[in-house]
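Look at the fold as a whole before you look at any single part. Then follow the text from the overall form down to single residues.

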Amino acid sequence: MYKGTSASAGIGIGTAVIVEEAELVIERREIADADAEIQRFKGALERTIADTERMAQDLATRVGEKEAEIMQGHMMLLSDPMLTGEIENAVRNEKVNSEIAIENVCNMYADMFASMGDELMQQRATDMRDIKTRMQKTLMGIQSVDIAALAPGSVLVAKDLTPSMTAGINPANVVGIVTELGGRTSHSAILARALEIPAVVAVTGFLSGVRDGDEVVLDGSSGDVYVNPDEETKKLFTGRQSQFMEEKKELEKYIGRPSVTKDGVRVEIVANIGKPEDVEKVLQYDGEGIGLFRTEFLFMDREAMPTEDEQFEAYKKVAEAMDGKPVIIRTLDIGGDKEIPYMGLEKDENPFLGYRAIRFCLDRKEDIYKPQLRALLRASAYGNIRIMVPLVTCIEEYRQARALVEELKGELDSKGIPYKRDIQVGIMVETAAASLIADIFAKEADFFSIGTNDLTQYTMAVDRGNKKVSYLYSTFNPAVLRSIKHIISCAREAGIMVGMCGEAASDPLMVPLLLAFGLNEFSMSASAIPRIRKLVTEYSVAELQAVADKAMSFATAAEIEQYMKEFLGC
């Protein structure tokens with residue numbers, strides 16, 4: 001038996017597939033034309049960024065936004081002008097090829113991160129080495145191992161898994177992961193948990209004791225790994241696997257059941273999606289609607305803007321598939337961490353506080369915003385579509401968006417084109433400004449949806465991608481919780497629906513507080529729906545009031561989180 005670190009719960013029983021990336025041989029070459037070599041580097045950089053963007057989009061829609069942030073972190077590193085500038089300077093000043101310039105500069109940063117001793121910085125070192133190798137492979141025309149093509153029943157065995165490798169795993173084929181390196185907090189471990197694949201990491205010497213085709217049994221909870229186990233051991237773990245699957249199956253009982261608390265309070269448990277194809281998973285897990293359709297994914301990964309008709313077909317497809325259930329569609333939210341080359345956006349000094357979302361859309365209403373709103377109105381004739389405006393900070397922005405909707409209604413009327421006449425237009429409450437004047441917004445908006453990811457970021461003045469200050473990024477911070485409670489209170493007082501589409505909506509520690517505050521709708525990745533519905537049915541909102549009052553009496557995020565863990569018995 002081998003012993004490692006538990007990284008992702010569950011029992012994996014399958015056939016070992018050893019994944020070894022070819023060792024890159026990076027040779028130093030002198031170059032005559034530095035400008036041409038820099039252009040060669042820039043081309044490889046752009047392709048690597050585009051590939052990373054695709055990975056991030058895939059993870060966001062397939063797993064969740066939180067997991068996608070790992071690959072978005074890679075994009076931040078790749079777009080760092082200090083890093084790329086030093087590589088270009090190395091090419092120009094030392095007259096060397098791009099591969100060796102990347103090797104030297106990235107290794108310098110990786111070694112610097114690794115020497116800090118901090119766990120988060122160690123992970124940043126791994127990320128830096130990952131992007132280094134990917135840029136070099138792009139330059140050298142070397143294809144990475146296609147992990148997505150592994151046969152069903154595979155136990156993936158590797159020295160280490162980079163985040164980019166893990167992002168490509170197909171959970172239908174991979175039943176377990178074993179690595180010699182890594183830790184529970186590594187990005188690869190986080191992705192394994194999100195993909196629900198049993199994983200054990202830091203198994204010293206494992207590669208010397210296993211061969212391709214060997215039978216491997218692993219327990220992702222205990223960290224135990226066996227190679228070619230005897231019948232008794234295999235029988236034991238098969239039993240544990242059955243028990244684990246039974247617990248998962250228990251959650252399936254909540255598919256088709258109403259989302260009602262013990263004292264009869266009904267809430268809606270809905271899903272976040274990024275493209276029409278995601279609806280299949282929403283229906284599979286019995287989502288009661290779509291709480292967030294991120295339309296920017298329709299605009300990404302293409303050379304030109306989608307036409308109004310293309311957008312109409314996408315929105316119509318989702319509306320029809322949901323068959324009358326609410327479908328909240330967020331209008332284009334680009335800028336910040338989401339860039340679309342053909343849009344011609346200038347680089348912002350501080351993109352999260354700059355020209356993005358509703359600010360961008362109102363400025364580009366003729367060529368971008370009106371076609372999208374018109375497509376949404378046309379599609380609303382086929383289902384229960386609601387329009388959501390992101391990143392509002394003042395009532396004027398909402399009024400301008402609402403006025404455009406009314407203008408377009410008149411235009412469609414004149415052409416005899418049908419649409420849902422009482423279509424709701426609401427806002428995503430994700431800024432401190434919107435929270436502070438939630439009572440004003442509640443008098444005019446048709447609904448609220450709280451975006452806790454950005455609300456936490458803006459309330460705490462913390463870039464959630466910056467590891468140096470990430471310790472401040474917590475939805476349990478009293479300032480954030482007070483903001484959430486205030487937003488919900490304003491919506492309830494005005495008699496409008498208030499939902500939540502940020503990560504907190506699917507956090508079991510947050511659910512009791514949100515129920516006590518009076519949240520109407522919880523939106524999350526589809527696979528989380530049964531677990532959250534089970535939690536909802538176990539509570540009485542009346543009894544939770546005392547829990548919420550106690551939680552709100554604490555002064556720190558750590559105290560509140562610990563109290564909620566004790567309440568849930570975690």
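The radius of gyration used here is taken over C-alpha atoms, and the globule rule is 2.2 Å times the number of residues to the power 0.38. This is a predicted model.

**The whole protein**

What radius of gyration would a compact globule with 570 residues have? The value would be near 25 Å, and the protein has 25 Å, which agrees. Along its principal axes, the C-alpha trace spans about 65 × 65 × 45 Å.

The protein holds 22 helices and 16 strands. Of its 570 residues, 53% count as buried. Now take the contacts with a separation of 6 or more: residues 24 or more positions apart account for 69% of them.

The accessible surface comes to about 24600 Å². Carbon and sulfur atoms make up 50% of that surface. The protein has 65 positive and 90 negative charges.

**An open sheet**

Which strands form the open sheet, and in what order? Eight strands take part, in the order β1-β8-β7-β3-β4-β5-β6-β2. The pairing in this sheet is mixed. The edge strands are β1 (2–3) and β2 (5–8), and each pairs on one side only.

Strands of a sheet pair through backbone hydrogen bonds, either parallel or antiparallel. Strand β3 shows both senses, one with β7 and the other with β4. β3 covers residues 11–18. It is mostly covered, with six of its eight residues buried.

With strand β7 (residues 215–219), β3 pairs in the antiparallel sense over five bridges. Here G14 has V216 in β7 as its bridge partner. With strand β4 (residues 154–158), β3 runs parallel, and four bridges join the two. I18 stands opposite V157 in β4.

**A residue in β5**

V174 lies in strand β5, which covers residues 174–179. Is V174 buried or exposed? Its relative accessible area is 3% and buried means under 20%, so V174 is buried.

Which residues touch V174, once neighbours within four places in sequence are left aside? They are L150, S154, L156, I169 and I197. V174 can also be set against I147: the two are 27 residues apart in sequence. In space, they are 9.2 Å apart, C-alpha to C-alpha.

**Two positive phi angles**

Most residues other than glycine have a negative phi. A357 has a positive phi, near 50°, and is not a glycine. L391 is not a glycine either, yet its phi is positive, about 55°.

Where do these two residues sit? A357 lies in helix α12, residues 357–363. L391 is found in the loop between β12 (384–389) and α14 (395–415). At 0% relative accessibility, A357 counts as buried. L391 counts as buried too, at 2%.

The table sets out the relative accessible areas of the residues discussed above.

| Residue | Relative accessible area | Class |
|---|---|---|
| V174 | 3% | buried |
| A357 | 0% | buried |
| L391 | 2% | buried |

Then go to V174 in β5. Finish with A357 in α12 and L391 in the loop between β12 and α14.

Note on methods:
Residues numbered from 1 in each chain as written. Predicted model: local features only at pLDDT ≥ 70, side-chain atom pairs only at ≥ 80, totals over all residues. Heavy atoms only, no water. Buried < 20%, exposed > 50% of the residue type's maximum accessible area, 1.4 Å probe, protein only. Contact = heavy atoms within 4.5 Å. Areas by Shrake-Rupley, 256 points an atom, 1.4 Å probe, with all protein chains shown as cover. Lys, Arg positive; Asp, Glu negative; His and termini not counted. Charge placed at Lys NZ, Arg CZ, Asp CG, Glu CD. Pairing = 2+ DSSP bridges.
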